[in-house]
Amino acid sequence: MEELSMPRNVWLLVIGTLINITGSSLIWPLNTIYMHEHLGQSLSIAGLVLMINAGATMLGNLVGGYLFDKFGGYKSIMFGIFITIFSLVGITFWHGWPHYVWFLTIMGFGSGVVTPVMFAFVGSVWPEGGRKGFNAIYLAQNLGVAVGPAVGGVIADKSFDYLFVSNLGLYIIFFILATVSYRNMISNVEKSKVKDSAVNNTANRASFYSLLIISGGFLLTWVAYSQWPSTLSTHIQQQGIGLKEYSLLWTINGLLIILLQPIISPIVQKYEKQIKVQLVIGIAIMMLSFIVIIFADSFKIFAVSMIILTIGEIFVWPAVPTIANMLAPEGKGGSYQGIVNSIGSIGRMIGPLFGGLIVDVYSMNILILILCMMLIIAIIPCLFYDRPVKKVQH
């Protein structure tokens, strides 16, 4: 496997990502249940709290990217970890209403800071790795998302108190790993300062325009993808499929992302220099998964749709931070990762609300047709995002 040849520093960042995401994944699938059943809040209030949490994560993404460029990777990661540990200590001792909301929001901000820093750090300590480093971080995130909820459900069954303590314990392990391993990791940001010139400013502006164009396509793709954990979860249950089977779909998703790597990696390597091809293939496959949903009336067909969706996302999700890293001018790698990560957070924020409104006013089939149109539109910025950069080069 290609990951085996990764430098030691990249492995340390991958392990950190795994601990970080496993920790945050212990709580997030159970937030709504805890607020509704244990704190006596309505589902709409719980939804609003999760939206605030996603907003804080988005803000954290932007701040984390900025801090990486200003202070380097180690200090930025420690800042994010400190904030998250502070919130987890708070939530462990005070998890009633409204304290839960305050600490959950702070936690969203803290973990939001860490994510783009990890991506920027990988791109910086292993620039020659291309997409491989970002793919390894993506795999670690998905492994964390697969392990976290499974373990979290078992712990929450005993007591939610144990869940908060377990999350705090994992972040303390992450803090120790970061202190010991990341302190001497020097990113390219700290190696050199940006040369400022008129030519540089024009090129930087062109890079930023290109980033905004690709972000437009990324946002549309996330709005479509975010229907799976929101409107589609309700739709699937209306088809007589239980929560356990729905959870199994996400287990399939997590396992496939890891198991399909040996098959997908050669295709990705073949088109390594043609990242647009990867994006177009991925988005087209994702669109096919939504078309299958129109005809889905049993668990098997929903499982087929999830398998298709997973193949699509393997092509798309790691490609976007790779593009951000390629576009970033010297000293702006963190900010660019912060922007693409925050775009993903915005998609996760507005997607469920948008989907819910369309289903309430029209129907699930109308929503799916709109999502397919959105994904077709998303292909356009993927094809033309580098136009501003090419204009400057010629």
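A crossing of two helices is called right-handed if the near helix is turned clockwise from the far one by less than a right angle, and left-handed if the turn is anticlockwise. In this predicted model, helix α16 passes α17 in a right-handed crossing. The contact between them is formed by F354, G355, I358 and V359 on the side of α16, and by M364, I366, L367, I370 and M374 on the side of α17.

Two packed helices are described by the angle between their axes and the distance between the axes. For α16 (residues 333-361) and α17, the axes come within 7 Å and cross at roughly 135 degrees, which makes α16 oblique to α17.

Within the surroundings of F290, and leaving aside residues up to four places away in sequence, the residues touched are A224, Y225, W228, L232, L309, I368, L371, C372 and L375.

Helix α13 (residues 275-294) has 20 residues, and at 1.5 Å a residue these should span 28 Å, so the 30 Å between its end C-alpha atoms agrees with that expectation. The buried residues of α13 include L279 and F290, together with I275, Q278, G282, I283, I285, M286, M287, S289, V292 and I293.

Conventions
Residues numbered from 1 in each chain as written. Predicted model: local features only at pLDDT ≥ 70, side-chain atom pairs only at ≥ 80, totals over all residues. Heavy atoms only, no water. Contact = heavy atoms within 4.5 Å. Helix = DSSP H or I, 4+ residues; strand = E, 2+ residues; numbered from the N terminus. Expected span 1.5 Å × (residues − 1). Buried < 20%, exposed > 50% of the residue type's maximum accessible area, 1.4 Å probe, protein only. Axes fitted to C-alpha atoms, helices over the stretch in contact; angles between N-to-C directions. Parallel < 35°, antiparallel > 145°, perpendicular 65-115°, else oblique.
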